[in-house]
Amino acid sequence: MAEPVSVDVLVIGSGASGLAAAVSAAHAGAAVGLATKGSLQSCNSAKAQGGIQAALGEDDSPEQHAEDVWRSSHETADPRLVEILTSEAPSAIGWLEELGVEFTRENGGYRLARCGGASRKRLLQVGDRTGHAITSALRDAAEATPRVRTFPKSPLHELDSTPTGWRARCGDHLIDATAVVLAAGGRCWRVAEERGELCTNHPGATGEVTQIAVDAGAELRDFDALQYHPNGGAWPPNMQGYSIPETTRAYGAVLLNADREEFTDSLGPRDEVSRAIVDEVENGRGVETPDGRPAVYLDTTRISAHDAELSLPYMLRRYRAGGIDPLREPILTFPVLHYQNGGLVIDTNAKTTIDGMYACGEIAGGTHGRNRMMGNSLLECCVFGRRAGRAAAETARA
């Protein structure tokens, strides 16, 4: 084991929330360590396709965005966190643009889409690889900041309190820090493996950092509330476990049963759409994939070629590589395990119930309650990642 390394702030995780926290803490003057289980590029955030929400339309407002979040959560979200999420969304978009993210534009403004559970068009996109664009820009910013030292392939094994903060064992490194930011994501990959189900997540989503925090005394909320993405790829085999962008439905695709009948509001909240699909199959109105998996149709032939080529190019390439053209025939879909809604309890500055420990992104609970709207995970990563980084830097200065 090498000699201990000392930093002001230690960030665990290199997804959008961890990168946002590291960049923000460094800009606040802290010396930052960024440790991650795999490579810096390995994260769920980069797989996020649909987009990021922000109330930027003339008919929209942060208050309306907050109302949609509250309603989609079935009134289980923390209103204080929701207010921060939605009110700081426009500034988060501006910050990302300053870092080099180029959101898709059309007719002199942002190309906005209405996602499931939303009452307005407020979803910004970078084609259908929004998460990749955001994490790439944040990673470039972190690597360009001299105050950030990275520790790739250094998973967190132990985290112990010390008189001056924390000592972490990350891979072969011992790292002393005054404050720690946990941004290691959720556990859906591990749960899917245990259940024998498909999952959209990166294999690193196994949840051990949450358990380390709990063992240290941190509190949890809504931890049982795991979310299924309504539109997991069911066929062809190369698409199984793929999260079909919900923007397919924003641009006109609808869900159909075996009789080619609509059976639910295709732009409803995620949990309601997922439940409707499962119920339709259980009631004998679903279809089977060629390998015997349950499914329903997602009629993507209703999407215009213009919309698909501009906002769904990656999806088109993936399906066409598997021998299916989504603009010529409906595709097969079924809900797939996707997101950990609950997690560590945090306050408005992303502080957990333990002094000197912060959490942001999927590992934290409260912002989405028991059901998350699409487009709010990348937003949460940026809004609360920035808050966690700044607050952790302030703790280190105190």
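**Cores, a buried strand and a helix pair**

The largest nonpolar core has 78 residues, and Leu10 and Leu182 have the most contacts inside it. A nonpolar core here is a set of buried Ala, Val, Leu, Ile, Met, Phe, Trp, Tyr and Cys residues joined through side-chain atoms within 4.5 Å; buried means under 20% relative accessible area, exposed over 50%, and partly exposed in between, with a 1.4 Å probe and protein chains only. Helix H12 (residues 376-397) supplies the largest share of this core, 11 residues. Helices (H or I, at least four residues) and strands (E, at least two) are DSSP runs, numbered from the N terminus.

The model is a predicted one: local features need pLDDT of at least 70, side-chain atom pairs count only at pLDDT 80 or more, and totals for chains, interfaces and linings use all residues. Residues are numbered from 1 along each chain as its sequence is written, and side-chain values use heavy atoms, with hydrogens and water left out.

Back to Leu10: setting aside neighbours within four places in sequence, its contacts (heavy atoms within 4.5 Å) include Gly33, Ala35, Cys170 and Ile175.

Now for the strands. Nine of the 10 residues of S16 (residues 331-340) are buried, so the strand is largely enclosed by the rest of the structure. Strands count as paired if DSSP finds at least two bridges between them. S12 (residues 226-235) runs antiparallel to S16 and is joined to it by seven bridges, with Gln227 partnered by Tyr339 of S16. S15 (residues 294-299) also pairs with S16 in the antiparallel sense, over three bridges, and here Val296 stands opposite Thr333.

The loop between S12 and helix H8 (247-250) holds Gly241, which is buried at a relative accessible area of 12%. Not counting residues up to four places away in sequence, Gly241 touches Leu198, Cys199, Thr200, Gly233 and Val336. Thr210 is another matter: it sits 31 residues from Gly241 in sequence and 24 Å away in space, C-alpha to C-alpha.

Finally, the helix pair. H2 (residues 62-72) and H3 (residues 79-87) pack at about 135°, with axes 9 Å apart; axes are lines fitted to C-alpha atoms over the stretch in contact, and angles run from 0 to 180 degrees between N-to-C directions. That makes H2 oblique to H3. Pro62, His65, Ala66, Val69 and Trp70 of H2 make the contact with Pro79, Val82, Thr86 and Ser87 of H3. Under 35 degrees counts as roughly parallel, over 145 as roughly antiparallel, 65 to 115 as roughly perpendicular and the rest as oblique.
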